[in-house]
Each structure stands twice: as C-alpha cells, then as structure tokens.
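Subject: Structure handover

Hi,

Here is the structure I promised to pass on. Please open it next to this message. My notes follow below.

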Amino acid sequence: MYSKNTAIHRWLVLIPHRDSLKPIHELQRRLWQSGVTGGRLLPPLVYVDTVDKPIRSEQCKILAQELRQRSQERKEDGYIDGMSLGLYNLPGSITALGLSLSLHKPNLILQDKPDVITAKPEQAAEPFLVIALEAGEGVLELARKLYQETGPFRFRQGAVANLAFSLQENGNSSISCRWELGKPYWMAHHG
C-alpha cells in the first residue's frame with residue numbers, strides 16, 4: 001500500500017483517442033458497480049514510464065512520433081491492441097490493474113533518446129492501459145471475467161502527455177486521487 005502522505009507521482013502517459021475507449025469505459029463501469037472504486041481514480045490512459053520531472057514539449061513530440069513508428073512496425077494498420085489483464089507494481093508502492101498492449105517496452109522506445117526520460121531503467125514496466133489503481137487478485141479475476149464480455153480494445157490515435165497525481169487515504173479507508181494532465185501531443189497518423 002502507498003504511504004498516507006501526499007507524494008506526487010509523475011508518469012509519462014499515452015492517452016488513447018476517446019472513440020476507442022468504449023470497451024474500457026464499460027469494463028470500468030461494471031467494476032465500479034461491483035464495488036471496485038480504484039477504476040474511477042484516473043482517466044483511461046497508458047502508463048509509459050515514471051519520470052522525475054515533467055518532460056518538455058519537444059521531447060513529448062519526439063516520443064509521440066516514436067510511438068507512432070513503433071505501432072506501424074507491426075503491420076496492423078498502426079493499431080495498438082489490448083492483450084491481457086494483469087497486476088502491475090509501480091514505483092511509489094502503487095499496484096494497478098492494467099491491460100497489456102502490443103507495444104514495445106519503454107526502454108526499447110526510449111533507449112536512443114536518454115535525455116527524454118529521467119527514470120531509472122529498472123523502474124520501467126511494459127506499457128499498459130491503467131484500468132484501476134490499488135487492485136488485488138480478486139479484482140483481477142473479476143476484471144478478466146468482465147473483459148471477456150466486452151469488445152476488444154484497440155487504438156491507433158493517441159497523445160503523449162505528462163501526468164502528475166497524488167493518492168490520499170481518507171479517514172474511512174477510502175482512496176482519493178488528485179491528478180493533473182499536461183498538454184497532449186498527438187501521434188501523427190499517416191495511413
């Protein structure tokens with residue numbers, strides 16, 4: 001569990017285009033109806049990496065272009081597909097329920113641009129779509145069942161942005177989240 005302080009977590013994220021998020025919104029809605037509140041803490045976004053400070057706009061544009069190039073290498077018309085649900089342990093003692101994606105690991109995406117990311121390589125997880133924060137095995141099993149009942153998730157339009165957030169435990173053991181999303185930089189679509 002994360003500490004009760006209000007530490008600020010900084011992530012570099014990819015925001016899928018809203019038109020592609022219908023199955024994810026449906027999954028989050030059904031999890032919420034089942035009592036899983038962690039699905040409403042952040043908007044649907046793809047965790048790319050943890051950063052020490054916000055990434056400059058020019059660097060976000062470069063990363064957006066690299067992500068577009070990587071997605072086009074798969075010969076799937078540039079689509080990034082949702083693969084399987086799992087639990088991800090992230091820096092700051094955060095456990096997230098996420099959907100793995102058909103996208104290369106951040107260190108492969110960013111290895112030739114060391115000035116873009118200031119996070120340590122051992123902190124990096126594979127990119128995944130964040131479904132819920134503070135999830136456990138029970139939530140994972142429920143999400144797997146519910147995800148089979150929704151349509152597949154895929155997207156090819158998205159934007160890279162900085163995200164800063166803090167989690168707080170309230171007195172009644174509930175979690176609240178304050179977040180701020182930086183300016184999005186769109187992946188150029190050619191095709």
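Start at the hairpin of β3 and β4. Three residues lie between the two strands, and G92 takes a positive phi near 90 degrees there. Please keep in mind throughout that this is a predicted model.

**The strands around that hairpin**

β3 covers residues 80-90. β4 covers residues 94-101. The two run antiparallel and are joined by seven bridges.

**T95**

T95 lies in strand β4. Its side chain makes a polar contact with the side chain of N89, at 3.3 Å. Which residues is T95 in contact with, leaving aside its neighbours within four places in sequence? They are L87, Y88 and N89, and then A132, L133, E134 and A135.

**Aromatic residues**

The structure holds five aromatic pairs. F153 and F155 form a tilted one, with 5.5 Å centre to centre and 35 degrees between the planes. Are F153 and F155 buried or exposed? Both are buried.

R154 lies over the face of Y79, and the distance from the ring centre is 4.0 Å.

**The chain as a whole**

Now for the wider view. The protein chain has four helices and nine strands. From the N terminus on, their order is β-α-β-α-β-β-α-β-α-β-β-β-β.

The protein chain has 191 residues, and buried residues make up 48% of them. The chain exposes about 9,700 Å². Carbon and sulfur atoms supply 48% of that area.

How much of the contact count comes from residues 24 or more positions apart? Among contacts in the protein chain with a separation of 6 or more, such residues account for 78%.

**Where to look**

Then go to the side-chain contact of T95 with N89. Finish with R154 over the face of Y79.

Best wishes

How values were computed: Residues numbered from 1 in each chain as written. Predicted model: local features only at pLDDT ≥ 70, side-chain atom pairs only at ≥ 80, totals over all residues. Heavy atoms only, no water. Pairing = 2+ DSSP bridges. Phe/Tyr/Trp six-rings, centres within 6.5 Å; stacked < 30°, edge-to-face > 60°. Buried < 20%, exposed > 50% of the residue type's maximum accessible area, 1.4 Å probe, protein only. Lys NZ or Arg CZ within 6 Å of the ring centre and 35° of its normal. Contact = heavy atoms within 4.5 Å. Areas by Shrake-Rupley, 256 points an atom, 1.4 Å probe, with all protein chains shown as cover. Polar contact = N/O pair within 3.5 Å; in protein donor to acceptor, adjacent residues only side chain to side chain.
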